[in-house]
Amino acid sequence: MAKHGQETAAFGKAMDVAEDEEKEVKVDAKAIEQAFIRLRESQEKANAKKREAAKELAKIKVEKADVVLVQDQLGLKKDEAEVLLKQSGGDVRKCFVAYINQPPAEPVPLV
């Protein structure tokens with residue numbers, strides 16, 4: 001008898017949990033819409049900053065020989081070497097120092 005009572009109580013608790021899960025969750029649609037608007041605006045601002053930075057980098061002229069030097073010495077692709085050199089104002093020494101002082105990339109896990 002006691003076992004049957006415990007089973008009935010456990011079944012009742014399980015039903016209560018199931019009913020709670022079925023209750024509708026009320027969502028404030030206006031708040032969600034406003035959050036998406038703020039997110040979109042912040043993304044647009046970040047993209048505008050990136051475009052402006054790219055325009056500024058494009059204005060900086062670098063010597064082809066300097067790009068090749070940076071590429072060879074640091075083992076970078078041509079476009080990576082050029083960007084790093086431009087970010088350093090075209091100064092090869094500053095470019096090497098910036099490369100050395102940059103934080104390391106995330107380690108790739110071995111499989």
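User: Which residues in helix 3 meet which ones in helix 4?
Analyst: Keep in mind this is a predicted model. On the helix 3 side you have D66, V67, V70, Q71 and L74, and they meet K78, A81, E82, L84 and L85 in helix 4.

User: How do those contact residues divide into nonpolar, polar and charged?
Analyst: The contact of helix 3 with helix 4 has 6 nonpolar residues, 1 polar and 3 charged.

User: And at what angle do the two helices pack?
Analyst: About 115°, with the axes of helix 3 (residues 64-74) and helix 4 (residues 78-87) 8 Å apart. That makes helix 3 roughly perpendicular to helix 4.

User: Is the crossing left-handed or right-handed?
Analyst: Helix 3 and helix 4 cross in a right-handed way.

User: Changing topic: where is S88 found?
Analyst: S88 sits in the loop between helix 4 and helix 5.

User: Buried or exposed, and why?
Analyst: S88 counts as buried because its relative accessible area is 11%, and the cut-off for buried is under 20%.

User: What is S88 in contact with, leaving aside its neighbours within four places in sequence?
Analyst: K94, C95 and A98.

User: Last one: what's the phi of G89 like?
Analyst: G89, which follows helix 4, has a positive phi, near 70°.

Terms used
Residues are numbered from 1 along each chain as its sequence is written. This is a predicted model: local features need pLDDT of at least 70, side-chain atom pairs count only at pLDDT 80 or more; totals for chains, interfaces and linings use all residues. Side-chain values use heavy atoms; hydrogens and water are left out. Axes are lines fitted to C-alpha atoms, for helices over the stretch in contact, and angles run from 0 to 180 degrees between N-to-C directions. Helices (H or I, at least four residues) and strands (E, at least two) are DSSP runs, numbered from the N terminus. Angles under 35 degrees count as roughly parallel, over 145 as roughly antiparallel, 65 to 115 as roughly perpendicular and the rest as oblique. A crossing is left-handed if the near helix is turned anticlockwise from the far one by less than a right angle, and right-handed if clockwise. Contact means heavy atoms within 4.5 Å. Ala, Val, Leu, Ile, Met, Phe, Trp, Tyr, Cys and Pro count as nonpolar, Asp, Glu, Lys and Arg as charged, and the others, Gly among them, as polar. Buried means under 20% relative accessible area, exposed over 50%, partly exposed in between (1.4 Å probe, protein chains only).
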